[in-house]
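Here is a short briefing to read alongside the model. Have the sequence and the structure open as you go.

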Amino acid sequence: MNVFVNERKTEIPQGCTIEALLNLLESPLKGSAIAVNQSIVSRSQWSEYKLNDGDQISLFQAIAGG
Amino acid sequence: MINNLKNIHDQLIIADKSFSSRLFTGTGKFNDQQTMLAALKASRSELVTMALKRVDMQNKDDDILAPLIKNGMNLLPNTSGARNAKEAIYAAQLAREALQTNWLKLEIHPDPKYLLPDPIETLKAAEVLANDGFVILPYVHADPVLCKHLESAGCAAVMPLGAPIGSNKGLKTLDFLEIIIEQANIPVIVDAGIGSPSHAALAMEMGADAVLVNTAMAVAGDPVAMSEAFAKAVQAGRQAYLAGLAGQVNHAVASSPLTAFLEAG
């Protein structure tokens, strides 16, 4: 199935969790925040939260700033 | 001796944390990560700001978080990029998830040219976020009335500006910073515009509780040496404030005895 990560179409296996998606994308877990269809998903739910086909995922990361 | 003891225990307390260093730093604009880490170390800063952004899936940024945590830094995520209270609240919630801290530098600047903070939206966001358990340090104009409103809203400190972000122009708002410092019951951290160690020392001599510096260190000829200079200036300014500055007068007051020794006899 496909989801959209920051508007980019991404193929993921059925039952893929947020944690599995981040591993797939080789994104660091620390310093990241995720919203699925505009709702922020708490880090404590990442290992259980299963993504659905067509989900719009926003991935944020801590960067340098003043 | 008494003053030395006073200085040793001179900790800055904000919410649940206590700081030995009154110099807070940003992590932006450094040429590379190695220079940034060396500069932060030289600054002896214990609180560093970070931003949050949507990941560009084709052009990912370096992971700067891991080395900061490794170096024992406390993190202060900001809401840079938010143009109104609604966006700032969303950014704050994301930042809390990303960095696992409820500390927040609340900044809302809708105008990209001057990056001046929006007072109405900032107060609105602060009221909501304080009720949601955030430790809020709002970036604001040097407006004493607004700072009192933010204090009443439950902010942990206020961060009035000296001059526009990155301008390095110093304490253009000096008279108003003095009023803010006089009236505040929460720490006052002078943020933005501090362009040289002497600006930082002046803010500390005036009784500011801390200063936040980023651009002046990051884009200096030698960022590491400049960060060390800032650390010394902040320390000197604080010590001068604690020592009690001699007052100013308009007439001369002799420092040497004026006895007319040539005629003495």
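**Where the chains meet**

Five bridges connect S5(A) with strand S4 (residues 47-54) of chain B, and the two run antiparallel. Strands pair if DSSP finds at least two bridges between them; helices (H or I, at least four residues) and strands (E, at least two) are DSSP runs numbered from the N terminus. This is a predicted model, where local features need pLDDT of at least 70, side-chain atom pairs count only at pLDDT 80 or more, and totals for chains, interfaces and linings use all residues. Residues are numbered from 1 along each chain as its sequence is written, while chains are lettered from A and ligands numbered from 1 in the order in which they are written.

**The contact**

- Within S4(B), Leu52(B) is the bridge partner of Ala62(A).
- Chain A gives 21 residues to the contact and chain B gives 27 residues (C-beta atoms, placed from the backbone, within 7 Å).
- On the chain A side, the largest share, seven residues, belongs to S5(A).

**Helix H4 of chain B**

- H4(B) has 15 residues and spans 20 Å from first C-alpha to last, close to the 21 Å expected at 1.5 Å a residue (1.5 Å times one less than the number of residues).
- Eleven of those 15 residues are buried, so H4(B) is largely enclosed by the rest of the structure (buried: 20 or more other C-beta atoms within 10 Å of a residue's own, placed from the backbone).
- Among the buried residues are Ile89(B), Arg96(B) and Glu97(B).
- Just past H4(B), Gln100(B) has a positive phi of about 55°.

Technical notes. Two residues are in contact if their C-beta atoms, placed from the backbone, lie within 7 Å. A residue is buried if 20 or more other C-beta atoms lie within 10 Å of its own, exposed if 12 or fewer, and partly exposed in between; C-beta atoms are placed from the backbone.
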